[in-house]
Amino acid sequence: MTGDTPDGDLLLRARGLTKTFGDFTAVDGVDFAVRRGEAFGFLGPNGAGKSSTMRMIGAVSPPSGGELRIFGLDPSTDGPRIRARLGVVPQQDQLDQELTVEENLWVYGRYFGLSRSQVRERAVELLEFAQLTERAKDKVEPLSGGMKRRLTIARSLISAPELLLLDEPTTGLDPQARHLLWDRLFRLKRQGVTLILTTHYMDEAEQLCDRLVVMDHGRIVAEGSPRQLIEQHSTREVLELRFDTDDHAEYAGKVAGVGERVEVLPDRLLVYAHDGDAAAAEVHSRGIEPLSSLVRRSTLEDVFLHLTGRTLVD
Amino acid sequence: MTTLFEARGAHGERPSLTTGERIGSVLEYQLAVNRRTWRGRIFSRFLSPVFFLLAMGIGLGGLVDDRAGGVDGVPYLHFVVPAIVAVQAMWVAIGESTFPVLGNIMWDRMYDTMLGTPLRLRDLLAGHVLAVVGHIIMATLIFVGVAAAFGGFPTWGAVWCIPVAVLTGLAFTLPVFAFTARQEQDGGFNILFRMVVTPLMLFSGTFFPVAQLPVVLQPIAWVTPLWHGVEAGRALSLGRVDPPWLLLHLGVLVTFVVVGWVLAERSFTRRLIK
Ligand SMILES: Nc1ncnc2c1ncn2[C@@H]1O[C@H](COP(=O)(O)OP(=O)(O)OP(=O)(O)O)[C@@H](O)[C@H]1O
Ligand SMILES: [Mg+2]
């Protein structure tokens with residue numbers, strides 16, 4: 001579109017990207033690339049380094065090492081040019097609580113050099129989008145958490161960004177608002193907007209992301225489409241078993257060998273097997289009596305659990 | 001709604017903003033924030049000089065003039081008024097460079113928001129400093145107007161007190177921005193007010209000439225911006241300008257502004273770029 005991305009349709013490339021805070025390494029040499037028009041996700045437990053990575057991509061946090069190119073530009077020398085084309089939803093809302101809802105949008109649009117009439121026009125559309133039209137003239141402070149989140153998301157769109165960075169965009173949103181946002185993000189994507197997001201919700205990752213990486217301890221531990229990740233790191237089906245016990249680890253030995261792998265959670269056992277029903281029959285034939293047993297398909301949650309040893313939402 | 005999602009023409013590279021547009025957008029934000037409180041501020045900025053003039057100029061001044069025949073050959077009111085103009089500029093400058101700045105750093109994190117846009121660190125610094133300058137100008141104009149009505153100035157040279165007061169305020173604004181950006185909480189401001197602002201107000205030749213102080217204390221006044229602001233404003237207002245001295249006073253104030261800018265940019269970078 002602008003001819004400044006030498007790698008064809010590559011919008012962003014990171015090689016050996018590193019971020020340290022003092023002695024602590026938050027992002028430890030990650031490599032990834034994002035194509036124009038793609039929806040790319042970061043998954044990972046708390047403290048994995050997702051936000052630190054997002055802030056480097058947002059050209060606000062200087063990398064400590066490695067190489068980063070956004071729109072073919074170097075954030076350390078071309079920060080303002082890069083940021084002019086980004087929309088940013090930080091993990092924590094940073095709104096001016098004293099200003100009204102619409103004033104927050106106007107003021108922000110002006111930072112991008114939009115004219116006063118442009119910001120007013122776009123604010124009307126964006127408030128409609130965020131379902132905040134009725135609250136336009138209210139101060140931000142008394143809004144609910146989810147409303148503030150929606151306002152932050154609306155604000156990120158005021159400059160019509162071509163790359164949207166969303167750090168846990170739907171945390172704090174009710175299910176209806178989440179689905180609405182997913183729909184909006186889909187539409188933006190169809191318009192050619194590139195999305196990079198982090199999330200703790202696997203349904204969100206599965207719904208939205210063409211490709212994602214799983215981060216743990218500052219490193220990328222897996223990469224692929226949601227389907228590829230499930231194929232590579234999990235079995236087709238999962239048998240979930242609950243027992244009448246405080247410690248499900250006791251039963252792990254008894255079901256060993258039933259599937260390919262057993263994962264112990266505080267409240268259940270997960271038996272990974274190609275054929276879940278066959279696995280359930282095998283458990284039954286061993287004379288083991290679970291309180292309940294359930295067969296389901298593998299999800300990203302299982303991939304995540306396998307790779308990081310933790311559940312997604314913790 | 002449709003245009004929002006079909007505004008593809010807006011994408012791609014936009015012409016980059018001019019420095020004026022960048023700083024202007026930050027100034028606009030600061031003005032929008034202040035719009036809610038400006039009525040109250042004007043009121044207090046109108047009242048505080050009236051109190052001061054009544055107490056110092058008329059009350060104390062009457063006594064000094066009766067007993068000592070004024071100060072340095074002029075009525076006490078004429079001696080003290082240009083100094084209070086400078087003191088008030090310092091107050092406003094420090095008030096606007098402490099809590100509001102720390103708020104933008106850590107409470108509402110507006111600086112972080114701005115840094116996520118095409119703005120650069122020095123744009124948000126310059127924009128906020130300009131907003132503070134606006135406050136200083138407003139407060140100074142009100143004070144000078146009120147003081148003139150009370151007969152506080154003997155000559156029209158007093159008009160020059162206004163730019164001198166703004167420069168004095170700026171000489172505090174930038175170092176205090178630098179100080180504020182190093183605070184983790186607002187407790188440090190108490191120390192600033194008690195250990196710096198109050199002694200400066202009392203011992204910078206404001207209410208009595210520095211020569212009245214013990215000799216060892218006099219050099220302290222010389223290195224503070226307030227003494228230079230007071231002396232420059234007073235000389236202009238009384239029509240007793242000694243050009244080399246005036247240049248020295250103004251030079252010291254400008255030095256505080258320039259060094260303060262460098263320090264402020266450094267502390268802001270350390271605090272905000274992580
Ligand atoms: N400014 C900072 N100074 C020091 N350490 C930091 C800073 N920012 C992040 N860290 C550390 O870096 C690590 C990664 O943090 P980061 O916010 O990137 O994690 P995350 O993956 O986004 O986690 P979460 O899911 O909780 O948002 C954490 O251990 C955090 O304490
Ligand atoms: Mg995070």
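**Chains A and B, and ligand 1**

Trainee: Which side chain meets that of A:Glu67 in a salt bridge?
Mentor: Here a salt bridge is a side-chain nitrogen of Lys or Arg within 4 Å of a carboxyl oxygen of Asp or Glu. For A:Glu67 the N to O distance is 3.2 Å, and the partner is A:Arg15.

Trainee: How many residues apart are A:Glu67 and A:Arg15?
Mentor: A:Glu67 sits in strand E4 (residues 65–70) of chain A, and A:Arg15 is in strand E1 of chain A. Helices (H or I, at least four residues) and strands (E, at least two) are DSSP runs, numbered from the N terminus. The pair links distant parts of the chain, with a spacing of 52 residues.

Trainee: What kind of model is this?
Mentor: Residues are numbered from 1 along each chain as its sequence is written, chains are lettered from A and ligands numbered from 1 in the order in which they are written, and side-chain values use heavy atoms, with hydrogens and water left out. Local features need pLDDT of at least 70, side-chain atom pairs count only at pLDDT 80 or more, and totals for chains, interfaces and linings use all residues, since this is a predicted model.

Trainee: How much area do chain A and chain B bury between them?
Mentor: Buried area is the accessible area (1.4 Å probe) that two parts lose on being put together, summed over both. Carbon and sulfur atoms carry 56% of it here. The total is about 3700 Å².

Trainee: Which residues of chain A lose the most area to chain B?
Mentor: The contact (heavy atoms within 4.5 Å) takes 48 residues from chain A and 36 residues from chain B. Three of chain A's residues together make up 20% of what that side buries: A:Gln94, A:Tyr111 and A:Gln191.

Trainee: Which element gives the largest share of the side of chain A that touches chain B?
Mentor: Elements giving two or more residues to that side are strand E1 (10–21), helix H2 (75–83), helix H3 (101–111), helix H4 (116–129) and helix H6 (175–190) of chain A. The largest share is 6 residues, and it comes from H4(A).

Trainee: Which chains surround ligand 1?
Mentor: Among the 15 residues around ligand 1 (a heavy atom within 4 Å), A:Asn46, A:Gly47, A:Lys50, A:Ser51 and A:Ser52 come nearest. The site is shared between chains, because the residues surrounding ligand 1 come from chains A and B.

Trainee: Which residue has a polar backbone atom 2.9 Å from an oxygen atom of ligand 1?
Mentor: A polar side-chain atom of A:Asn46 also lies 2.9 Å from an oxygen atom of ligand 1. For A:Glu168, an N or O atom in the side chain is 3.4 Å from a ligand oxygen. The backbone case belongs to A:Gly49.

Trainee: Which element gives the most to the shell around ligand 1?
Mentor: Strand E2 (24–35) and helix H1 (50–57) of chain A each give two or more residues to this shell. The top contribution is 3 residues, from H1(A).

Trainee: How many helices are there in chain B?
Mentor: The C-alpha atoms of chain B fill a box of roughly 80 × 40 × 35 Å, taken along the principal axes. Chain B has 0 strands, and its helices number 12.

Definitions and conventions: A polar contact is a pair of N or O atoms within 3.5 Å; within protein, one must be able to donate a hydrogen and the other to accept it, and residues adjacent in sequence count only if both atoms are side-chain atoms.
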